[in-house]
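Please look through the sequence and the model shown here before reading the briefing that follows.

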Amino acid sequence: MKIIYFASLKENLKTSSEDIELTDGSTVKQLREALSNKHGSQHFPDNILCAVNQEIANDSVIIFKSDEIAFYPPVTGG
């Protein structure tokens, strides 16, 4: 699935997006844990926002390989 990063998260990870392998039917929480393990938990604190297919999603939302998932800090500049 495609993961997109915005604002300071994009800068800190030095990438705007990446593809990650995760089983269909996983949750946002499981994805967040996988990304924390890969990049470090400091980049994925509890207050970071997640959107699945351009809709804000909480940790219990089920995700699929075809979904577009974005993470961004709670405050972004415009």
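**A loop residue and the overall picture**

H43 lies in the loop between α2 and β4, where helices (H or I, at least four residues) and strands (E, at least two) are DSSP runs numbered from the N terminus. This is a predicted model, in which local features need pLDDT of at least 70 and side-chain atom pairs count only at pLDDT 80 or more, while totals for chains, interfaces and linings use all residues. Residues are numbered from 1 along each chain as its sequence is written, and side-chain values use heavy atoms, with hydrogens and water left out.

- Leaving aside residues up to four places away in sequence, H43 touches L9, N12, L13 and I48, where a contact means heavy atoms within 4.5 Å.

**The chain as a whole**

- The chain holds two helices and seven strands, and from the N terminus on its elements follow the order β-α-β-β-α-β-β-β-β.
- A compact globule of 78 residues would have a radius of gyration near 12 Å, and the chain agrees with this, having 11 Å; the radius is taken over C-alpha atoms, and the globule rule is 2.2 Å times the number of residues to the power 0.38.
- Taken along the principal axes, the box filled by the C-alpha atoms of the chain is roughly 30 × 25 × 20 Å.
- Of the 78 residues in the chain, 40% are buried.
- Among contacts between residues at least 6 apart in sequence, 56% join residues that are at least 24 apart.

**Helix α2**

- Helix α2 has twelve residues (residues 28–39), which at 1.5 Å a residue should span 16 Å, and this agrees with its end C-alpha atoms, which are 16 Å apart; the expected span is 1.5 Å times one less than the number of residues.
- The buried residues of α2 are V28, L31, R32, L35 and S36. Because these residues cover an arc of only 140° around the axis, they are on the same side of α2, the arc being that of the directions from the helix axis to the C-beta atoms.
- Among the elements that cover the buried residues of α2 are β1 (2–5), β2 (17–19), β3 (26–27), β4 (49–52), β6 (62–63) and β7 (68–72).
- On the face of α2 turned away from its buried side are the exposed residues N37 and K38.
- Just after α2, G40 takes a positive phi of about 110°.

**The open sheet**

- Strands of a sheet pair through backbone hydrogen bonds, and they may do so either parallel or antiparallel.
- Five strands form an open sheet in the order β2-β1-β7-β4-β5, with mixed pairing, and two strands are said to pair if DSSP finds at least two bridges between them.
- β2 and β5 (55–56) stand at the edges with a single partner strand each, so one side of each is left without a neighbour in the sheet.
- β4 and β7 run antiparallel and are joined by four bridges; C50 stands opposite F71 in β7, and the bridge partner of V52 in β7 is I69.
- β4 and β5 also run antiparallel, joined by two bridges, and the bridge partner of A51 in β5 is I56.
- The hairpin of β4 and β5 has two residues between the strands, and in this hairpin N53 takes a positive phi near 50°.

**Two residues of strand β2**

- E18 is found in strand β2 and, at 12% relative accessibility, counts as buried.
- The side chain of E18 makes a polar contact with the side chain of K38 (2.5 Å); such a contact is a pair of N or O atoms within 3.5 Å, of which, within protein, one must be able to donate a hydrogen and the other to accept it, and residues adjacent in sequence count only if both atoms are side-chain atoms.
- Residues up to four places away in sequence not counted, E18 touches M1, K2, I3, Y5, L35, K38 and H39.
- D19 is also found in strand β2, but D19 is exposed, with a relative accessible area of 61%.
- D19 and M1 are 18 residues apart along the chain, and their C-alpha atoms are separated by 5.4 Å.
- With residues up to four places away in sequence again not counted, D19 touches M1 and K2.

Key. Buried means under 20% relative accessible area, exposed over 50%, partly exposed in between (1.4 Å probe, protein chains only).
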